[in-house]
Amino acid sequence: MADENNVVSTTSEISTEQTVDESGNAVTVTTEVITETIVVTEGAEGQAAGTEETVTTSTEEVVIKVGGGDNSTPAAEPEPETPAPEPETPAPEPETPAPKPETPAPEAEKTPEPEPVASEDVKVEVPVEPEVSKEPEPEPQEEPKKEEPAVVAPKANGIACTLADAEDYYTTKRDGSYKIQFSGREGHITNRPAISVEEFMDQAVKSYGTRVAMKVERDGKWISWTYKEYFEEIKTAAKGFIKLGLEPYNGVGIIGFNSPEWLFSDLGAIYAGGLATGVYTTNNPEACQYVCSDANCNIVVVENDVQLQKILQVWDQLPALKAVVQYLGEVSEKRDNIYSWNEFMEIGRKENEDELNKRINMQSPNRCCTLIYTSGTTGNPKGVMMSHDNIIIATEGVIEQLHPAINVNSNVQETCISYLPLSHIAAQMTDVWIPIRAGAVVWFAKPDALKGSLSTTLQQARPTLFVGVPRVYEKIEEKIKGIGANVKGVKRKLADWAKGVSLTANTNKERGASTPFGYSVASMFLKKVSKALGLDRAKFIWTAAAPISKSTLQYFQSINLPLNEIYGMSETAGALTMGVPGKCRITSIGTIMPEAEYKIANPDEDGSGELCFRGRMNFMGYLNNLEKVKETIDEENWLHTGDVGKIDKDGFFYITGRIKELIITAGGENIAPVPIEDEIKTELPFIGTAMVIGDKKKFLSCLLTCQVEIDLDTGLAKDNLQASAVHYLKSIGVEATKAEDLTTDMPEVLKTAIQTGINNANKKAVSNAARVQKWKLLPIEFTTAGGELGPTQKLRRPHVMKMYKETIDAFYSG
C-alpha cells in the first residue's frame with residue numbers, strides 16, 4: 001500500500017478497562033486503536049493522485065486472573081502489531097518460454113483451538129476486522145504497457161563462444177545471426193550458456209581422446225579412428241576445403257552413403273566456416289543441382305562415380321562450384337578440380353592452421369553451421385538453417401532425457417550403428433552429435449543396409465542405442481514371422497506362450513503394474529531372438545521419422561524388445577518428444593524434451609489441436625525463404641508443426657493426424673488416413689503397404705501392396721512373396737509364392753478375405769465417411785528405389801497418386 005511516493009500519518013490510542021467475569025475472576029481488557037491515513041501522491045493501479053485512504057486497525061488483549069491472589073501473573077505488555085505486508089510486484093516474465101498457468105494456492109490449514117488450562121493466566125489475542133474507509137475511486141485508467149526486460153544471455157568461455165549481435169529470433173541470410181531464446185531459469189538446460197561446435201568437439205576430445213570413435217569395414221577388415229584421430233581428420237579436411245576455395249557461409253555439399261569421410265567432411269565444413277549440406281543419394285541430377293545452387297556450394301563431396309556423374313551433368317548450372325572430391329573408389333574422370341579423397345587430404349595436410357584458426361574464431365553459437373534440406377515431398381526442398389546452439393542444445397536435451405541410463409563420462413562405452421541417411425536430421429543427431437557428447441563408438445553399415453545387409457552389421461556391432469524407421473521394424477517382423485512359420489510342435493507352443501507372457505508384461509510395465517508369473521522364464525527364452533537380431537545389448541530401441549502401426553509395436557513387445565517412439569522435425573534439430581523405458585505408452589510419441597515447451601493450438605472437444613513448440617532447438621529460419629518462415633513461426637516464436645495431437649493427464653503426447661495429410665472428403669469431413677491404414681494392415685498381415693485415398697472424393701478408396709522380397713542390388717521389389725505372407729495366405733486356403741499369382745487372376749477366397757479385413761477395419765472407423773469402400777491389390781511393393789517411398793521410407797503420397805492415377809480414377813468413375 002504505502003510507498004515512497006505517498007504521504008502517511010499514523011495515530012495510536014490505548015484504553016484499559018477492568019471488570020469481573022461471571023466466575024468472579026478479575027479481567028483486564030487493553031485495547032489499542034491505530035489509525036493510518038495515506039494520501040496517494042502518485043497514481044498506481046488505477047488510483048488517481050490525491051486519493052485519500054484511511055485504515056483503522058484494533059487489537060484487544062484480554063488477561064484473565066484465575067482464582068484471584070497475589071501469585072497471579074501480571075498482564076503482559078501489548079505486542080506491537082505487525083503491519084500487513086505490501087503486495088509483491090510480480091517479477092517480470094522472461095521473453096521465453098511463456099509460463100504455464102499457476103496452480104491455485106491451497107487453502108490455509110486451520111489452527112486448532114487451545115485446550116482450557118487450569119491455575120494459570122491465559123493470554124488470548126482477539127483479532128478485530130480492520131475498518132477500511134476509502135474515498136470514491138475514480139474511473140480506472142488504462143495502465144501503459146511496460147516493456148519486459150530482456151533475459152541476459154549467460155556467457156560461455158570457450159572456442160568461438162561469443163554471441164553475434166542479432167535483432168530478431170530468426171533469419172534467412174546465410175551469414176545472419178538470431179536471438180537465442182534463453183529462458184532466464186537459473187540452472188536449467190534452457191538457460192545454459194551457448195557454445196560452438198568447435199568447443200563441443202574440443203570438450204569431447206579432452207574427455208574421450210583415446211577411445212575408438214568410429215569403425216568401418218573396408219576390404220573385409222574393420223578400420224577404426226580414435227576421437228583424437230577423428231579430430232585431426234576434421235581439421236585436415238577443413239584446411240583442404242579452404243585451400244580449394246570454400247568461402248565463409250557457403251555450402252559444402254555431401255552426397256553419399258554413411259561413412260567416416262562423410263563425418264570428416266561434415267564437421268570439416270563447419271570448422272572451415274562453411275555450411276555443411278547433406279544431399280540425398282536418391283536425388284536425381286536436377287534435384288542435386290537445386291540443393292547445391294540454393295546452398296551456394298563451393299565444394300561438393302561425392303561417394304563414388306555414380307554420384308560424381310550427377311554433379312558433372314549439372315556443373316555448368318552451378319556457378320559457385322569450384323571443386324569436387326570423391327571419397328571412395330578411383331576417380332574415373334581425370335580433370336581439373338576433381339580430386340580423390342587421398343589427394344584432397346594431402347592438400348589439407350600441407351596447409352598450416354593460421355587461416356583455419358581465423359575461420360574458427362569468426363564463428364558464433366547463434367550463426368548457421370548446417371543446412372538440412374527437407375525431402376521435398378510437397379514441393380521444392382527448403383534449406384533448414386541449423387545454428388551451433390540449435391544442434392548442441394538438442395543434443396544435451398537427449399542426454400538429459402536418457403539420464404542416468406546412458407553412459408556419459410564413464411568407462412562404459414555406448415555403441416551405435418550408422419545407416420539411415422545422414423542428410424536427415426535424425427541420423428545426424430544419432431550418428432554424429434549424440435555419440436560425440438557421450439563418447440560412443442559408431443559402426444558404419446554397408447550401403448545396402450536398407451536392402452537387407454543391416455542384419456549382419458547388427459550382429460557384429462550389437463548396439464546399445466539403436467534407431468530405426470517403421471519400415472525397418474516391419475521388415476524385421478516379417479522375417480521373424482517367416483522363420484516362425486516353419487516351427488512346429490512343442491517349440492511353436494513354447495514360443496507362442498513366451499510371446500504372450502512378454503506382451504502382457506510389457507503392457508503392465510507401462511501402467512506401473514507387476515509382471516505376470518513366468519515372465520523371467522519367457523525373457524530367457526526370448527533372449528535367443530534378441531541375440532539373433534543383434535539387439536541383445538540394446539538399452540534404447542527407438543522408432544522415428546514416420547508413423548508406426550500399433551500392431552508392429554505390440555509385436556516387438558511380444559518378443560521383449562519394446563520400441564519407444566521419437567517425434568521431431570528438421571526444424572527443431574530432431575526430437576521434440578521421446579519415449580524411454582519406464583516412461584512410455586504404446587502409440588504415444590513420448591513426453592516433451594527438457595529444452596522445449598509446447599502448446600496445443602485450437603483444440604477440439606477431445607483436446608486435439610495443432611502441436612506447437614518453442615525453445616532454443618527451433619531453427620534459425622529457411623535459407624532465402626522468409627515467406628515459409630512466417631508460415632511456420634508465429635509472432636510469439638511458436639513453431640507450428642502441422643501435426644495434430646493431444647496430451648494425456650500423465651504428460652504423454654499422441655499424434656492424431658497431419659494437417660497436410662488430412663483427407664477432406666467431398667462432404668467436408670476431415671479424415672486422418674494413417675489410423676485407417678494401420679487397421680487394414682493389422683487385419684491383413686500379408687499386406688506391405690496400404691494407402692488410403694479420398695481427398696475431395698465422395699468416399700474413401702485404398703491401394704494395397706503385398707509383402708515381397710527386395711532385390712539387394714537394385715533396391716526394387718521382387719515378385720517373390722515374403723515367407724510370412726506365404727504362410728498367412730496358406731492359412732486362408734491360397735497357395736501362392738509370387739505377387740503376380742495374386743493380382744493377375746485373384747482367387748475368390750482371397751477377394752473374400754481382403755474384403756472381410758476391410759470390413760473389420762471399417763467397424764473401427766470414427767464415422768461412416770472414414771470407411772473404405774473400394775480397394776485394389778497392386779502387383780508390386782512400394783520402395784525408395786521405385787520412388788514411392790522417401791529416403792526415410794515415408795510414403796510419398798502425391799507421387800503415388802500420380803503413378804496410379806488411372807487406377808484411382810477408376811474407383812470414382814461411373
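1. Glutamate 677 and arginine 797 form a salt bridge, with their closest N and O atoms 2.8 Å apart; a salt bridge here is a side-chain nitrogen of Lys or Arg within 4 Å of a carboxyl oxygen of Asp or Glu. This pair links distant parts of the chain, since glutamate 677 sits in helix H16 (residues 673–683) and arginine 797 in helix H20 (residues 797–803), 120 residues apart. Helices (H or I, at least four residues) and strands (E, at least two) are DSSP runs, numbered from the N terminus. Both glutamate 677 and arginine 797 are buried, where buried means under 20% relative accessible area, exposed over 50% and partly exposed in between (1.4 Å probe, protein chains only).

2. Please keep in mind that this is a predicted model, in which local features need pLDDT of at least 70 and side-chain atom pairs count only at pLDDT 80 or more, whereas totals for chains, interfaces and linings use all residues. Residues are numbered from 1 along each chain as its sequence is written, and side-chain values use heavy atoms, with hydrogens and water left out.

3. Lysine 764 forms a salt bridge with glutamate 679 (3.4 Å, N to O). Lysine 764 lies in the loop between helix H19 (748–762) and strand S33 (772–777), and glutamate 679 in helix H16, so the pair ties together parts that are 85 residues apart in sequence. Lysine 764 is exposed, at 52% relative accessible area, while glutamate 679 is partly exposed, at 25%.

4. Lysine 764 also forms a salt bridge with glutamate 683, the closest N and O atoms being 3.8 Å apart. Glutamate 683 is partly exposed, at 24% relative accessibility.

5. Across the whole structure, the search finds 33 salt bridges.
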